Amino acid sequence: LLKPLQRPKPKDQSTITAAPDFDPSADAETLYNAMKGIGSDKEAILDLITSRNNAQRQEVITAYKNSFGKDLIEDLKYELTGKFERLIVSLMRAPAYHDAKEIHDAIKGVGTNEKCLIEVLASRNNKQMHEMVTAYKDAYGSDLEEDVIVDTSGHFKKMLIVLLQGSRDESGVVDASLVEQDALDLFAAGEEQWGTDEAKFIMILGNRSVTHLRMVFDEYQKITELSIEDSIKNELSGDFERLMLAVGKKHSLCYFQGLGTADNTLIRIMISRSEIDMLDIRECFRLRYEKSLYNMIKDDTSGDYKRTLLNLCGGDDDLAGEFFPEAAQIAYKMWELSAMTKVQLRPTVRPAANFDPAADAQALRKAMKGFGTDEDAIIDIVAQRSNAQRQEIRQTFKSLLGRDLMKDLKSELSKNLERLIIGLMLTPAEFDAKMMKKAMEGAGTDEHALIEILVTRSNDEIQAMNAAYQAAYKKTLEEAIQSDTSGLFCRILVSLVQGAREEGPADLERADADAQVKSDDMKVKFMSILCTRSFPHLRKVFQEFVRFSNKDIEQIIKKEMSGDVKNTFYAIVCSVKNQPSYLADRLYKAMKGLGTDDRALIRIMVSRSEIDLFTIRKEFKETHDVSLHEFIQGDTSGDYRKTLLILCGGED
């Protein structure tokens, strides 16, 4: 048996700690005075409650009843309202009773809040699990396991029941031979075979220690060149997939990144982690999203509710741009894992079987001939053929019928459906060239489109786009960029449009030099490195940047740069880290809020459908807790929506 490597004991990563010189009777009196008479002093209430830890709050509850003969929680419910009341009352409950209430609320009534079940049950240790089960029985008079069995089903139910036993190995001792065997067993249960042995995943992920699982996942990655997260996404689905992803996170605290603005989730996580690892969660949040957790809360909430959440959050990481010592280790490790992981890109559109270009050409002609147009027939053919097959149809249409298919489609279709179908019928190079042209024509420039296209295309794709642009518009793409943009942003785009990014692995010695950027030439140095180095090399540069500066490359870009230069550098970093995730975020921004950026939606759906749209879909669901299919369905309509949903390839 091998003991895991001894690490320095981490510093306290909580944001809420025990108050010094604590006097529960004095606190009880302060709260009583804040609530007596007409109205209540909400600031006094929230300031006191968020500056005490939960154990002290329980003493205050007892002192309040002893001094005033009243139930403090009932008085708080009476005096406060809305989300602020929910937050304050939840803070006053003992952790086990708070967890029990969250689980009870998740399974009572019509429907089940699977997300809550996943988040709570995947993140509690054995002691917390046993205390929660006892509290549930005390509060609701029923057995938690029996209630979960009634309300869930399938492999999802089986894994929840395993977790509810609270029997995970917590010895801290790891058997090296079992690590290798578990990694091989997971591989055999999933990637190596047709179908999946879900029981094996449940047994290993539901019972092994956290330390053991981390070593298993590292071994698994060496064997398969895939992260455990990618394998789970490939092999499992639905709520069971999401539960196993939560259990399988290499750094369990990173599961708590996806807070969103669902208030019940926000309240639950801010309360349950404020005395455990909120500082690390803040840093993980900042690693993944474009702003600090503090600023997310500040922008998305209001009033006393906001002030209470900000107190629990404990500070704004965007101000410093630096890592906490333990968070720096996590950031360094995340870049290392990113470099090791072989990302499995999966399309949603594949070549049609039994393809007959002549039959398709005749069917398209029939759909457009005479009075009216059969849009369904057009959509079913165009959206379910690969681009190479569509080019054969174009050629066959002209040779058989003596007509230009593109002109016929333009005359028969209109608006977004026409733009989408025509986009699908162009070659990828023609489509990219057209999208670049659209981004620069007329009043104003769509800088985000220019950035997205040039950052996510390979050298070959950029070279083909350059040739297609010159053929279509009789000038070079570089000339068009120079006439439409200016300054350093123009220079960056011109560098990218050369399609001359280095290829190959990281050069470790050069990565060290690239990572040591002095502030006096930062922008120019960033351009020369970010626009020319290979993605594997840049991952190593960003990792070493953490070691040399103790800072986050993304935060430095946001702090030191501005405007389109900042946006371009940030897009490159995001694309290097996880390109499908970057494109999922671009899709989300195209559809969220009022109105839809249809050009961006069409551009990504068309250009990625045969490359990695399935992978993008998975990232979209994991990051935004809503499926891409659902988002498209709610944000578009008619035949345009039907075509997009075919390209999307399914509901997650």
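Which residues do ring pairs link into a cluster? Tyr 32, Tyr 64 and Phe 68. Keep in mind that this is a predicted model. Across the structure there are 10 aromatic pairs.

Rings also meet charges here. Take Arg 346. Its charged end sits over the ring of Phe 614, 4.0 Å from the ring's centre. Then there is Lys 437. That residue lies over the face of Tyr 473, and the distance to the ring centre is 5.2 Å.

Now, a pair of helices. H27 covers residues 428-440, and H29 covers residues 459-473. How do we describe such a pair? Two packed helices are described by the angle between their axes and the distance between the axes. For H27 and H29, the axes come within 8 Å. They cross at roughly 65°. Angles of 65 to 115 degrees count as roughly perpendicular, so H27 is roughly perpendicular to H29. The crossing is right-handed.

Last stop, H34. This helix has 15 residues, running 535-549. From first C-alpha to last, H34 reaches 21 Å. That is close to the 21 Å expected at 1.5 Å a residue.

Methods
Residues numbered from 1 in each chain as written. Predicted model: local features only at pLDDT ≥ 70, side-chain atom pairs only at ≥ 80, totals over all residues. Heavy atoms only, no water. Helix = DSSP H or I, 4+ residues; strand = E, 2+ residues; numbered from the N terminus. Expected span 1.5 Å × (residues − 1). Phe/Tyr/Trp six-rings, centres within 6.5 Å; stacked < 30°, edge-to-face > 60°. Lys NZ or Arg CZ within 6 Å of the ring centre and 35° of its normal. Axes fitted to C-alpha atoms, helices over the stretch in contact; angles between N-to-C directions. Parallel < 35°, antiparallel > 145°, perpendicular 65-115°, else oblique. Left-handed = near helix turned anticlockwise from the far one by under 90°.
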